[in-house]
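Please look over the structure below.

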Amino acid sequence: MRDASATATPGTGVPTRREQILKEAARLFAERGFHGVGVDEIGAAVGISGPGLYRHFAGKDAMLAELLVGISERLLAGGRARVAEVTAAGGGPAAVLHSLIDGHIDFALDDRALITLHDRELGQLRDSDRNLVRSLQRQYVELWVDAVRKLHPGAPEAQVRAAVHAVFGLLNSTPHLGRPGALPGRAATAGLLRRLALGALAALAEPC
C-alpha cells in the first residue's frame, strides 16, 4: 500500500511531502467530508498545485485508502509489538492489557481525524481496501480479547468481546470531546481514559 518514499528521512524525523499530503488530507476530509474536499485544496494546504499531487497519489481515493489501511496496519503492528515486549519482560495479562490501552490512547489522542474518517468514510473505499481494513481490525481485536480472557478467565467470551468493543467506543470518542485546547491537558485526558477503560473491563469480574 505504501512505498519507502512515504517515510521520513531516517534520523531526521522530518515528514516527507507524501506524509504532509496525507496529514492535510486527513484533516480536510475529517472537517468537511471526503466529497467536500477537492484535490486543489489539498495541494494548497501543502503548498503545491492540485495536479502536482498526482506525482504522489493517483487521486483522493488513493489518499483515503492509504490513511485508513495505514492506521489499521499501524494499530495492529503496534499492538503486537506491545504484547511481545511485555511478555518478553515477564509481564502478565494485566501488564499486557495496560500496554494495549496506553497504545490505543496515544492513537485516540494523536489521530482524532482518522477516527472521524473511519466512522464517516470507510464506505468510500474499494471493496478490497475495505475488506483489508476489516481484516486488520479483527486481528487487532483478537489481541485485546486474548489479553482480557487471560485476565478474566471466568468471563464468557461473548461478554469479553462486547466489553472490548465497548472500550474501543469509549477510547475512540476523542473526536467528540471538543477541540484539543478544550481538553484538560494530554496527560490528564490520557489518565482519565485509562481509568475509564480499566474500570469498564474490570466489570467483567463482577457477577452478572
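## Pro-93 and helix 4

Pro-93 counts as partly exposed because its relative accessibility is 30%. The cut-offs are these: buried means under 20% relative accessible area, exposed means over 50%, and partly exposed lies in between, with a 1.4 Å probe and protein chains only. Pro-93 lies in helix 4. Helices (H or I, at least four residues) and strands (E, at least two) are DSSP runs, numbered from the N terminus.

What does Pro-93 touch, leaving aside its neighbours within four places in sequence? Pro-93 is in contact with Ala-147, Lys-150 and Leu-151. Contact means heavy atoms within 4.5 Å. Val-148 is 55 residues from Pro-93 along the chain, and their C-alpha atoms are separated by 7.2 Å.

## The model and its overall plan

This is a predicted model: local features need pLDDT of at least 70, side-chain atom pairs count only at pLDDT 80 or more, and totals for chains, interfaces and linings use all residues. Residues are numbered from 1 along each chain as its sequence is written, and side-chain values use heavy atoms, with hydrogens and water left out.

The protein has 8 helices and 0 strands. From the N terminus, the order of elements is α-α-α-α-α-α-α-α. Of the 208 residues in the protein, 41% are buried. Now take the contacts between residues at least 6 apart in sequence: 67% of them join residues at least 24 apart.

Helix 2 covers residues 39-46, and its buried residues are Val-39, Ile-42, Gly-43 and Val-46. Why do they sit on the same side of helix 2? They cover an arc of only 100 degrees around the axis, which puts them on the same side. The arc is that of the directions from the helix axis to the C-beta atoms.

The buried residues of helix 2 pack against helix 1 (17-32) and helix 3. The face turned away from the buried side carries the exposed residues Asp-40 and Ala-44. Just after helix 2 comes Gly-47, with a positive phi of about 80 degrees.

## Around helix 2

Glu-24 lies in helix 1. Glu-24 counts as buried because its relative accessibility is 17%. Not counting residues up to four places away in sequence, Glu-24 touches Ala-45 and Val-46.

Ile-48 sits in the loop between helix 2 and helix 3. Ile-48 counts as buried because its relative accessibility is 16%. Not counting residues up to four places away in sequence, Ile-48 touches Arg-17, Ile-21, Gly-43 and Leu-53. Arg-17 is 31 residues from Ile-48 along the chain, and their C-alpha atoms are separated by 9.8 Å.

## A UniProt feature

An unreviewed UniProt entry places the feature "DNA-binding region" at residues 38-57. UniProt positions are given in the numbering used here, feature names are shortened, and annotations may be inferred rather than shown by experiment. The span is 40% helix and 0% strand, and its end C-alpha atoms lie 14 Å apart.

## The second largest pocket

How much space lies in the second largest pocket? About 420 Å³ lies there. Of the 19 residues that line this pocket, the closest to its centre are His-104, His-118, Gln-137, Phe-168 and Asn-172. A pocket is found on a 1 Å grid over the protein atoms alone, as an open set of points where a 1.4 Å probe fits, with protein on both sides within 12 Å along at least five of seven lines; lining residues have an atom within 4 Å of a point. Grid points are joined across faces, edges and corners, and the volume is the space filled by probe spheres set on the points.

Helix 6 gives the largest share of the lining, 6 residues. By class, the lining has 9 nonpolar, 7 polar and 3 charged residues. Ala, Val, Leu, Ile, Met, Phe, Trp, Tyr, Cys and Pro count as nonpolar, Asp, Glu, Lys and Arg as charged, and the others, Gly among them, as polar.

Ser-72 lies in helix 3. Ser-72 counts as buried at 6% relative accessibility. Leaving aside neighbours within four places in sequence, Ser-72 is in contact with Val-133, Leu-136 and Gln-137.

Ala-155 is found in the loop between helix 6 and helix 7. Ala-155 is buried, with a relative accessible area of 9%. Not counting residues up to four places away in sequence, Ala-155 touches Val-160 and Leu-204.
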